[in-house]
Amino acid sequence: MNKALERALEHLGVVINTSTGLAHPLDESTAKELFKYLHELDVALDYSEIYHWTQSQGWADQHCKELAGLAEKIGSGGRVEVKHKGRLSEYFKNELRALK
């Protein structure tokens, strides 16, 4: 797995409520903004990789599927609306860019 993607998933595991997945609008926006940024960096957003990684971290199966599906959609150029922008700091973006 790409180091930037792994770091991004670790970050999501800390900042969102993994027991509810993307149900909260801020959690959904964080995931969307993060995956859009990784897509800009040309990081592959593979459904299977993300699904298995989140599953190994103890996420509920439905939330693994939801997150991996969102990532795959964004990674394949699908459009999503980020309702609450500005969830990623420049510091974190720089960290991901360096790991790419």
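1. Starting with α4: H63, C64, L67, A68, L70, A71 and I74 are buried there, where buried means under 20% relative accessible area, exposed over 50% and partly exposed in between, with a 1.4 Å probe and protein chains only. Seen down the axis of α4, these buried residues fall within an arc of 155 degrees, so they line one face of the helix; the arc is that of the directions from the helix axis to the C-beta atoms. Helices here are DSSP runs of H or I with at least four residues, strands are runs of E with at least two, and both are numbered from the N terminus.

2. A word on the model before going further. It is a predicted one, so local features need pLDDT of at least 70 and side-chain atom pairs count only at pLDDT 80 or more, while totals for chains, interfaces and linings use all residues. Residues are numbered from 1 along each chain as its sequence is written, and side-chain values use heavy atoms, with hydrogens and water left out.

3. Back to α4 and its surroundings. The buried residues of α4 pack against α1, α2 and α3, with contact meaning heavy atoms within 4.5 Å. After α4 comes G77, which has a positive phi, near 95 degrees.

4. Helix α1 gets the same check. It covers residues 3-15, and its 13 residues should span 18 Å at 1.5 Å a residue, which agrees with end C-alpha atoms 18 Å apart. Its buried residues are A4, L5, A8, L9, H11 and L12. Viewed down the axis of α1, they fall within an arc of 155 degrees, so they line one face of the helix. K3 and V14 are exposed, on the face turned away from that buried side. As for partners, the buried residues of α1 pack against α2 (25-40), α3 (47-56), α4 (61-75) and α5 (90-99).

5. Have a look at the start of α1 too. A side-chain oxygen of N2 comes within 2.7 Å of the backbone nitrogen of A4. For reference, a polar contact is a pair of N or O atoms within 3.5 Å; within protein, one must be able to donate a hydrogen and the other to accept it, and residues adjacent in sequence count only if both atoms are side-chain atoms.

6. Now the core. The largest nonpolar core has 29 residues, of which F35, L38, I50, L67 and L96 touch the most other members. Such a core is a set of buried Ala, Val, Leu, Ile, Met, Phe, Trp, Tyr and Cys residues joined through side-chain atoms within 4.5 Å. Two or more residues come from each of α1, α2, α3, α4 and α5, and α4 gives the largest share, six residues. In soluble globular proteins, nonpolar side chains tend to be buried together.

7. Not counting residues up to four places away in sequence, I50 touches L5, L9, F35, L45, L67, A68 and A71. L34 sits in helix α2 and is buried, at 0% relative accessibility. With the neighbours within four places in sequence left aside, L34 is in contact with A8, H11, L12, L88, F92 and L96. The C-alpha atoms of L34 and L96 are 9.9 Å apart, although 62 residues separate the two along the chain.

8. S29 is also in α2, and it is buried, with a relative accessible area of 2%. Residues up to four places away in sequence aside, S29 touches V82, K83, H84 and R87.

9. How many aromatic pairs does a search of the whole structure find? It finds one: Y47 and Y51, stacked, at 6.1 Å centre to centre and 5 degrees between the planes. Rings of Phe, Tyr and Trp (its six-membered ring) pair if their centres lie within 6.5 Å; planes under 30 degrees apart count as stacked, over 60 as edge-to-face and the rest as tilted. The two tyrosines, Y47 and Y51, are four residues apart in helix α3, so about one helical turn separates them. Y47 is partly exposed at 26% relative accessibility, whereas Y51 is buried at 13%.

10. Finally, two loop residues. D42, in the loop between α2 and α3, has a positive phi near 65 degrees without being a glycine, and is exposed at 67% relative accessible area. R79 belongs to the loop between α4 and α5 and is exposed at 78% relative accessibility.

Terms used
Expected span 1.5 Å × (residues − 1).
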